[in-house]
Amino acid sequence: MKPIYSKAQLGYMKAKTQFEKQAVILEKKLEDTRKTQEISQEVMEGLVQTTGFHDAYNQLVLAENELIEWSHTTMKHEKTYRENRLAIDDMYLKLNSDPKMRAQIIDLAMKIR
């Protein structure tokens, strides 16, 4: 049986896939450009913009934020949340200052069914 995903989970998966595609395109452009010129900050910024990597990154961050918000709201209805409310809320408070915590919350949010 196929898992059923929420709108936030589907949006995140789509944004992540697009980001990964754009990263491959950027890497290819970098390799090609490196053959003819030095990669300066200006060149790198231009490649990031022209390959769509910057837009894909921004969309991924927005999708992550939506997924995190959805998971926190959804989780509040679970018995486990009510029993561990302070610890879980503390995790969500740290998500913007701790990249590992953010990644962990996103991973957990993708497991919610």
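What share of the 113 residues of the protein count as buried? The answer is 32%, where buried means under 20% relative accessible area with a 1.4 Å probe and protein chains only. Please keep in mind that this is a predicted model, in which local features need pLDDT of at least 70 and side-chain atom pairs count only at pLDDT 80 or more, while totals for chains, interfaces and linings use all residues. Residues are numbered from 1 along each chain as its sequence is written, and side-chain values use heavy atoms, with hydrogens and water left out.

Let me turn to the overall fold. The protein has 6 helices and 0 strands, these being DSSP runs numbered from the N terminus, with at least four residues of H or I for a helix and at least two of E for a strand. The radius of gyration, taken over C-alpha atoms, is 18 Å, well over the 13 Å from the globule rule for 113 residues, so the protein is more spread out than a compact globule; that rule is 2.2 Å times the number of residues to the power 0.38. Along its principal axes, the C-alpha trace spans about 60 × 35 × 15 Å.

Now to one pair of helices. The axes of H3 (residues 53-75) and H5 (residues 85-94) come within 12 Å and cross at roughly 170°, the axes being lines fitted to C-alpha atoms over the stretch in contact, with angles from 0 to 180 degrees between N-to-C directions. That makes H3 roughly antiparallel to H5, a term for angles over 145 degrees. Their contact, meaning heavy atoms within 4.5 Å, is made by Ile-68, Ser-71, His-72 and Met-75 of H3 and by Ile-88, Asp-89 and Tyr-92 of H5.

Notes:
Parallel < 35°, antiparallel > 145°, perpendicular 65-115°, else oblique. Buried < 20%, exposed > 50% of the residue type's maximum accessible area, 1.4 Å probe, protein only.
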